[in-house]
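Open the viewer, keep the selection panel handy, and follow along one stop at a time. Each stop says what to pick and what you will find there.

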Amino acid sequence: MRFIRSIATATVLPVLLVAAWWFTSLGSDDFFWPPLRDILTEVPSTWFEGRLGADVAPSLLRLSAGYSLALAIGISAGLAIGLSAPLRQYCEPVFEFLRSIPPPVLVPIIMLFAGIGDSMKIVVIAFGCVWPILLNSVEGARSIDEVLHDTARVYGLGPAARFRHLLLRGASPHIVTGARQALSIAIILVVISEMFAASNGLGFTIVQFQRSFAIPQMWSGILLLGAIGVILALVFKLVENRVLAWYFGLRRKQ
Amino acid sequence: MNRVGRTLSVLVALTLVAGCGGGGESADGLREVTIGLVPAAVTAAIHVGIDQKFFEQEGLKPSIETGQGGAALLPAVASGQMEFASSTPVSLLMARDRGLKVRAITPWTGDGTSADGTVKSSNVVLAKDPSIRSARDLEGRTVAINALRSVGDLTIREAVRHAGGNPDKVTFVEMGFADMPGALAQGHVDGIWTAEPFITTLVAKGHHAVKQTDNSDAVPDMATQLIFTSQKLIDDDPDLVAAMTRALGKTLAYVKDNPDKVRARIPTVFAELDPAIVKRLDLDVYETQLRREPLERIGRLLELEKWIKPPADIAGLLP
Amino acid sequence: MTLPPVLTVDHVKKVYVTGDRSVEAVRDLHFEVATGELVCVVGPSGAGKTTLLRCIAGLMDVTSGEVRLEGSAISGPPRGMAVVFQEYGRSLFPWMTVRRNVELPLKEKKVPRERRAALVDEALATVGLDHVHDAYPWQLSGGMQQRVAIARAVAYEPQILLMDEPFAAVDAQTRADLEDLIRRLWSRLGVTVLFVTHDIDEAVYLGERVLVLSNSPTVVLEDVPIDLPADRDQLATRALPRFAELRAHVYGLVQQAKRGVRAVPADSGAAASHSTAHTTPHSAHRERKSL
C-alpha cells in the first residue's frame, strides 16, 4: 500500500506536466514548438528503426566507460588522499583549481592528446565526473572512525581487506553522494562531448536534427535523453538502497 | 564556434514566447531593427552602410546582433526575435524544406569572381599527407568540417563524386575552425575544410590544398551567406522589408567598391583582431546580386544527398 | 610453579612529542602477565591507562623499553592478541551483520571455512547471542553490542585478550552480567586477560591480580594479588570481608596515586601480604571449575 502510494506520489507531477504540455501544444503551429502529439508520433520511426543501436548504444557505452573510469580513479585516489592529512593539504588547492574548469572548455585540449574518437569523449566524461566522486571519497575516508581503524589493525586486516571492508564500506555514504552528482554530470557531458568531432551518439543526433530543422525529431531526442536520465537515476537508487541499507538503518536508529 | 551555446540558445529561443522583437521607434523617429550576423570581420560592412547613412535614408536604425551562433539565427528570425539575419543557402533551403517560412531578401557574402578575374574561394580542404592530392584521394579518409550537414560536407561529397570517388567512404567529423589545425597536425584527421587566415598559415607550414575541393568546384559562384527574413514579416510589414532591402543593396554596392572603408571599420567591431591579419583579409567577398543558378545547384545537391525532399524550394526562398 | 609469561611489559616509557613540546605520559612500566591469568589494571583518570593499552596492543610505538608477547618483542599489532574497545558502537563494522563481524578476522587469518563457522557459532553461543547472527550491530542494545565485540575477540583465539574499559558505557545491570561473562570465559576457555578499568570494585571483583597505576607519568604503584575464591558471585563475593579489605586497599592506593605518589613504602602492601589464602595465578587456573 505504501509502495503504491509512493509510486503515485512520484508520478503525479510528471503526469500533470505531460498533460499540460499535451493540451497546451495541441493546436500549436509554431515551427519550433510542435504539438507533443507530433513529437510522440515521431518517436518510433526516429529511434526504434536502427538509431537505438547506432546512436543510443554508443552514447550509453561512452557514458558507462567514462563514469566507470571516474569511479575507479575518484574512489581510489580519494580514499588514499583522505587517509593522509599531508597529502590532503598538498592536493586540495590543485583539486579546487581543476574542478572549477568546465570540461567543455577542455575539449579542444583533450582532443589534442586523446584524439577525436571515443577515447576523447570518455576522457571528457571522466574528467567532469571524477571531482565530486574524488572529493566525496576524501571526505568519506576522513569520516571513518579511528576506533574502526584500530580494530582493523588489531585483528590483522591486510591492505586488501582494509580497503574492501573498512575504507570502501565506511566511505560509501559519501562516495554514493558524489557518485549521484557525477551521474547527472555524466549525462550532460555525453551530450556535450558528442557535439565535438562526433559521428554518432544521442547528443550528436539531437544537434543534427536541430540543425536540419527536424524539430519534432529533435524534441523526441530530448525526451529520450530525459527518459534515460530517469532510468539511470532509478537504477542508481536501487543500487544505493542495496549498498547503503546498513547506513539508512543506522540513521533511522539514531 | 561554441556548439553548446548554439544548442542552448536554440532552447532559449524555443522557450521564449514568439514575438518579443518587432522593434520600436527611436527618439529620432527612425525604425529600430535588429540584424543577426555570424560573428566575423565582414559584419563591419553594415557599419560602413550606417556611416554612409544608407539605413537612415530609409528610416531605419539597425543594431547588429552577433551574440548568437549561426544555428540560432534561423529560429530567432522565425520566432520574430529579430527581423533580419544571415544564413547559408544550405540551411535556408533545408529550413524551407521542413516548412520554416523564411525568405532571402539580399545576398551577403559569396565566392564571387573578383575584379581581376580569379575565383576567390573561402574554403578548401587542406591535407598534410602528400598522397592526398585530389578529391578522390579522400576516400577512406577523415575530413574535419565546421558543421555536419552543411556547406562543407555537401561540397566535399560533390567534389569526391565528381572526381569519380564514392563520397560515402569519406568520414566527416565536426569541429571548430580553430581546433582543426591541431587535429591535422596530430594526425587525428587527414583533411580539414578551412578558410583564411588558416590557409596561408598552414600552407606556409607545408600543408597543401587538395585539388578540386574548392567550394567553387562544386558550386560555381557559390553564395556563402544570404540575408533573410520571415514570411510573416514580409506579409505584415512589406514596407519595412523593402526599406531594408534597399538599404542593404546600397551598402553592398558601396562596400564592394570601397573595401578600404570596411577594413578601416574592422577594428571598431573586432578590436581583438591582429592588425596584420586585418591588412591581409580578403574583403572581396560581398555579393551584390542574388543569383538563381548557384542556389539551384545547391538545391540539386541537397536533393541528391536526400537531405531534402525534392524539389528544392528555390522560388520560395528567393524574394 | 611459574608458567612463562605470555606478556612482558619491559620498562616501557612513552613520551608524546608534538612540535617542540614533549609530554611524558608513561615513565616506567614493568610487569608480566602469565599464561591463564586475569589481570586488572586500575588507576586514577589520567593515569595513562589508554596509552598503556595502545602500546601493548601495538597500536602505538613505545619511546623506550619493549612489549613482548610470548618472548618476542612486538612492533605493530601482533597476531595473538585481541582487543575489546570501550566504544562498542564504534568498534563493530556497522555494514556487517553480527556474524560477519565475528567472522572477518578469522577470514583474514585464513581459518578454513568449516572451522570458521564452528568458531563463530561457538563464540556467539558463549556470549549468549546465538539468536542474532544476521542482525546488524546497530539493531542491538549497547550490552549486546559489547557481547558481539567480546565474541569476536574470543573467536579469534588470542593468546591474550586486552580489554580497554569495556563496560564503562553500559548500565549497571548489564555491567554485572558482562563481568560474570568475562569470569566465565576466562575460567572456561583459559584465555589470558588484561583488563583495564577505572572502577576499583570491578577490578577487585574480576581480577586475580590488580595493577594499580600511578598518576602520569605512569609507573606501577603496586601489584596487588587478589586472593578471593575463584568462583565469584556478584552478591556473595562482594559481601566477603576480604573483598572489602582488598577494595579498601586498592582504593587507598588510587587515592595516593591521585595525590601524585609514585612509590609505595615496602610495608604498605600489608593488606595483601597478610592474606592466608594467597592464590598464585597457576593455582587459580587449576582450581577453575568448568561451567
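How many residues of domain 1 of chain B are in contact with domain 2 of chain B? Nine residues of domain 1 meet eight residues of domain 2. Before you zoom in, keep in mind that this is a predicted model.

**Stop 1: the two domains of chain B**

Colour chain B by domain: domain 1 takes 3–115 + 221–317, and domain 2 takes 124–213. On the domain 1 side of their contact, H5 and helix H13 (275–280) of chain B each supply at least two residues. That side holds four nonpolar, two polar and three charged residues.

**Stop 2: the sheet in chain B**

Now show strands E5 to E9 of chain B. These five strands make an open sheet with mixed pairing, in the order E7-E6-E8-E5-E9. Which strands stand at the edges? They are E7 and strand E9 (208–209) of chain B; each has a single partner strand, so one side of each is left without a neighbour in the sheet.

Next, select strand E6 (residues 142–145) of chain B together with E7(B): the two run parallel and are joined by four bridges.

**Stop 3: where chain B meets chain A**

Bring chain A into view. The contact takes 29 residues from chain B and 23 residues from chain A. To see which elements of chain B take part, select helix H1 (3–15), helix H4 (70–78), helix H5 (89–97), strand E7 (171–174) and helix H7 (180–185), each of which supplies at least two residues to the side touching chain A. H1(B) gives the largest share, five residues. Coloured by class, this side of chain B shows 17 nonpolar, seven polar and five charged residues.

Two of these elements have come up already: H5 of chain B also supplies residues to the contact between the domains, and E7 of chain B is an edge strand of the sheet.

**Stop 4**

**Stop 5: annotated spans**

In an unreviewed entry, UniProt lists residues 65–85, 105–134, 182–207 and 219–239 of chain A as "transmembrane region". Residues 182–207 of chain A are 69% helix and 0% strand, with end C-alpha atoms 23 Å apart. Residues 219–239 of chain A are 100% helix and 0% strand, and their end C-alpha atoms lie 30 Å apart.

Then move to chain C, where UniProt (unreviewed entry) places "domain: ABC transporter" at residues 7–240. That stretch of chain C is 34% helix and 29% strand, and its end C-alpha atoms are 31 Å apart.

**Stop 6: the largest nonpolar core**

Show all chains again. The largest nonpolar core has 230 residues, and Ala186(A), Val212(C) and Val250(C) touch the most other members. Helix H6 (residues 118–143) of chain A provides the largest share, 15 residues. Both domain 1 and domain 2 of chain B give residues to this core, so it lies between them.

Centre on Ala186(A). Leaving aside neighbours within four places in sequence, its contacts are Leu63(A), Gly66(A), Tyr67(A), Ile125(A) and Cys129(A).

**Stop 7: backbone details**

Finish with some geometry checks. Two peptide bonds to inspect are cis:

- Pro310(B) to Pro311(B) has omega near -5°, and Pro311(B) sits in the loop between helix H14 (292–304) and helix H15 (314–317) of chain B.
- Ser216(C) to Pro217(C) has omega near -5°, and Pro217(C) is in the loop between strand E9 (209–213) and strand E10 (218–225) of chain C.

Is Lys53(B) buried or exposed? Lys53(B) counts as exposed because it has 11 C-beta neighbours inside 10 Å. With 15 other C-beta atoms within 10 Å, Glu70(C) is partly exposed.

Key
Residues numbered from 1 in each chain as written. Chains lettered and ligands numbered in written order. Predicted model: local features only at pLDDT ≥ 70, side-chain atom pairs only at ≥ 80, totals over all residues. UniProt positions renumbered as here; feature names shortened; annotations may be inferred. Core = buried A, V, L, I, M, F, W, Y, C linked by C-beta atoms within 7 Å. Buried ≥ 20, exposed ≤ 12 C-beta atoms within 10 Å, placed from the backbone. Domains from an automatic or database assignment. Contact = placed C-beta atoms within 7 Å. Nonpolar A, V, L, I, M, F, W, Y, C, P; charged D, E, K, R; others polar. Pairing = 2+ DSSP bridges.
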